[in-house]
Amino acid sequence: MELWTAATPNGWKVSIMLEELKEAGVQLPKVQVKNINLAKGEQFSTEFTQQNLNQKIPVLIDEDRSIMESCAILHYLAEKFPTSLLPHTDERWDILPWVYWQAANVGPNFGNKLSYTRYLDAVPAEQKQHPLERFNKEALRLSAVLARQLGDNPWICGSRFSIADIAVYPWLRGWKWSKVDITEHPNVLAWVQRVRARPAVERGIAYGVPKDEIDQWSEARKAQYRSSGSSIADNTALKSDL
Ligand SMILES: N[C@@H](CCC(=O)N[C@@H](CS)C(=O)NCC(=O)O)C(=O)O
């Protein structure tokens with residue numbers, strides 16, 4: 001298998017999944033990880049577009065099949081390598097809606113809030129005010145939904161750590177960077193810590209990030225993320241014909 005990815009929340013979902021599968025005792029085939037330089041626009045290359053017409057990481061290539069969309073990849077890997085991360089019984093219907101919820105809500109809103117907070121310096125402040133308020137409000141609402149779903153449970157779907165936790169965690173862990181204040185939900189903060197404490201999560205986040213910078217980024221790394229995020233957000237290549 002090949003994983004075409006980058007050190008971003010959507011990329012980390014898949015690297016965490018691979019490490020959680022290994023932790024669960026799955027003998028994975030060799031996975032070749034190819035780092036895609038998003039700031040340089042490698043996602044727009046012909047080679048990349050042949051694997052994913054949507055021109056975004058992550059992509060999983062398994063023999064002659066290319067799979068786009070991080071949550072579809074989680075689902076694919078969970079079905080191909082059965083573990084408790086996604087039961088094969090009807091119980092999976094407690095989990096899959098939260099995976100879809102992440103893809104349709106958490107990723108887009110936290111992602112847009114992050115872009116307007118950190119990466120769109122070229123946009124005048126008065127033009128950023130409305131989207132910042134809108135995406136922040138929705139990210140806060142989603143955090144409240146998550147808090148309610150978690151309740152006193154350790155994981156999003158009760159007592160079982162699942163692909164729902166893997167899908168949601170990479171966006172929530174960056175709440176300080178995206179300036180979405182989740183501090184009024186102590187159970188969400190505790191869940192972030194709980195997920196982070198898993199050895200496989202530590203290994204999964206370390207794809208593309210030095211171990212000592214997983215949680216505390218150096219000023220150089222923040223500058224690198226800002227400049228790479230700005231190039232992606234600016235994204236003139238998006239205007240090109242496919
Ligand atoms: N819904 C997609 C989103 C993928 C996505 O937005 N990936 C970002 C990195 S986190 C990307 O490739 N950005 C490059 C670009 O927009 O040009 C998924 O979950 O896979």
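Two strands are taken to pair if DSSP finds at least two bridges between them. By this criterion, the predicted model contains an open sheet of four strands, arranged in the order β2-β1-β3-β4 with mixed pairing. The edges of the sheet are formed by β2 (32-35) and β4 (65-68), each of which pairs on one side only. Neighbouring strands of the sheet are turned against each other by 20° on average, with direction ignored.

At one edge of the sheet, β4 is joined to strand β3 (residues 59-62) in the antiparallel sense, over four bridges. Within this pairing, D62 has R65 of β4 as its bridge partner. Helix α3 (residues 70-80) packs on the sheet and touches both β3 and β4. The direction of α3 makes an angle of about 130° with that of β4.

Helix α3 also takes part in a contact with helix α1 (residues 9-23). Two packed helices are described by the angle between their axes and the distance between the axes. The axes of α1 and α3 come within 9 Å and cross at roughly 10°. Because angles under 35 degrees count as roughly parallel, α1 is described as roughly parallel to α3. The crossing of the two helices, α1 and α3, is right-handed.

On the α1 side, the contact is made by N10, K13, V14, M17 and L21. On the α3 side, S70, I73, L74 and L77 contribute. By residue class, the contact of α1 with α3 consists of six nonpolar residues, two polar residues and one charged residue.

How values were computed. Residues are numbered from 1 along each chain as its sequence is written. This is a predicted model: local features need pLDDT of at least 70, side-chain atom pairs count only at pLDDT 80 or more; totals for chains, interfaces and linings use all residues. Axes are lines fitted to C-alpha atoms, for helices over the stretch in contact, and angles run from 0 to 180 degrees between N-to-C directions. Two residues are in contact if their C-beta atoms, placed from the backbone, lie within 7 Å. Angles under 35 degrees count as roughly parallel, over 145 as roughly antiparallel, 65 to 115 as roughly perpendicular and the rest as oblique. A crossing is left-handed if the near helix is turned anticlockwise from the far one by less than a right angle, and right-handed if clockwise. Ala, Val, Leu, Ile, Met, Phe, Trp, Tyr, Cys and Pro count as nonpolar, Asp, Glu, Lys and Arg as charged, and the others, Gly among them, as polar.
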